[in-house]
Amino acid sequence: SPFPEEDLTTPDLRKALTPRAHEDADTAVIAVTITLVFLTLLTALVVIGIYLYRNRGTYHTYEQPEPEPEAAEVGPAKEKEEYFI
């Protein structure tokens, strides 16, 4: 090889090839972004869960219930007549 091994591993070359501080900053930004997205989704799920729990479909009305017709009042059922044309 034209270059000795020790020239490629000098601290100056390693810094020039991979800027360590810049990579750490990118990693931190990605981690914070993923964390914020996760927390936003978790918060949305909690809010939706609370909304669905409070609005379960039970309705309170103050109207008087209609009296149900009793079986004795209703006359005997006739058989349904069919007409062929």
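Q: How many aromatic pairs does a search of the whole structure find?
A: Welcome to this predicted model! A pair of aromatic rings is described by the distance of the centres and the angle of the planes. To count as a pair, the ring centres must lie within 6.5 Å. Searching the whole structure for aromatic pairs gives a count of zero.

Q: Which residue lies over the face of Tyr53?
A: Here a charge sits over a ring, which requires CZ of Arg to be within 6 Å of the ring centre. The distance from the ring centre of Tyr53 is 4.8 Å. The residue lying over that face is Arg56.

Q: What is the order of the elements in the protein chain, from the N terminus on?
A: The protein chain has zero strands. Its helices number three. Read from the N terminus, the order is α-α-α.

Q: How far apart are the end C-alpha atoms of residues 28-53?
A: An unreviewed UniProt entry annotates these residues as "transmembrane region". In the model the span is 100% helix and 0% strand. Its end C-alpha atoms are separated by 37 Å.

Q: Is Val46 buried, partly exposed or exposed?
A: Val46 sits in helix α3, which covers residues 20-54. Buried would mean under 20% relative accessible area, and exposed would mean over 50%. Val46 has a value of 46%, so this residue is partly exposed.

Q: What is the area of the nonpolar surface patch that includes Val46?
A: Patch residues need over 30% relative accessible area, and Val46 has 46%. Phe38, Leu39, Leu42 and Ile50 make the patch together with Val46. The area of this nonpolar patch is about 460 Å².

Note on methods. Residues are numbered from 1 along each chain as its sequence is written. This is a predicted model: local features need pLDDT of at least 70, side-chain atom pairs count only at pLDDT 80 or more; totals for chains, interfaces and linings use all residues. Side-chain values use heavy atoms; hydrogens and water are left out. Patches are made of residues with over 30% relative accessible area and no salt bridge: like charges are joined within 9 Å, nonpolar side chains (Val, Leu, Ile, Met, Phe, Trp, Tyr) within 5 Å. Accessible areas come from the Shrake-Rupley method with a 1.4 Å probe; for residues, only the protein chains shown count as cover. A salt bridge is a side-chain nitrogen of Lys or Arg within 4 Å of a carboxyl oxygen of Asp or Glu. Helices (H or I, at least four residues) and strands (E, at least two) are DSSP runs, numbered from the N terminus. Buried means under 20% relative accessible area, exposed over 50%, partly exposed in between (1.4 Å probe, protein chains only). Rings of Phe, Tyr and Trp (its six-membered ring) pair if their centres lie within 6.5 Å; planes under 30 degrees apart count as stacked, over 60 as edge-to-face and the rest as tilted. A charge sits over a ring if NZ of Lys or CZ of Arg is within 6 Å of the ring centre and within 35 degrees of the ring normal. UniProt positions are given in the numbering used here, feature names are shortened, and annotations may be inferred rather than shown by experiment.
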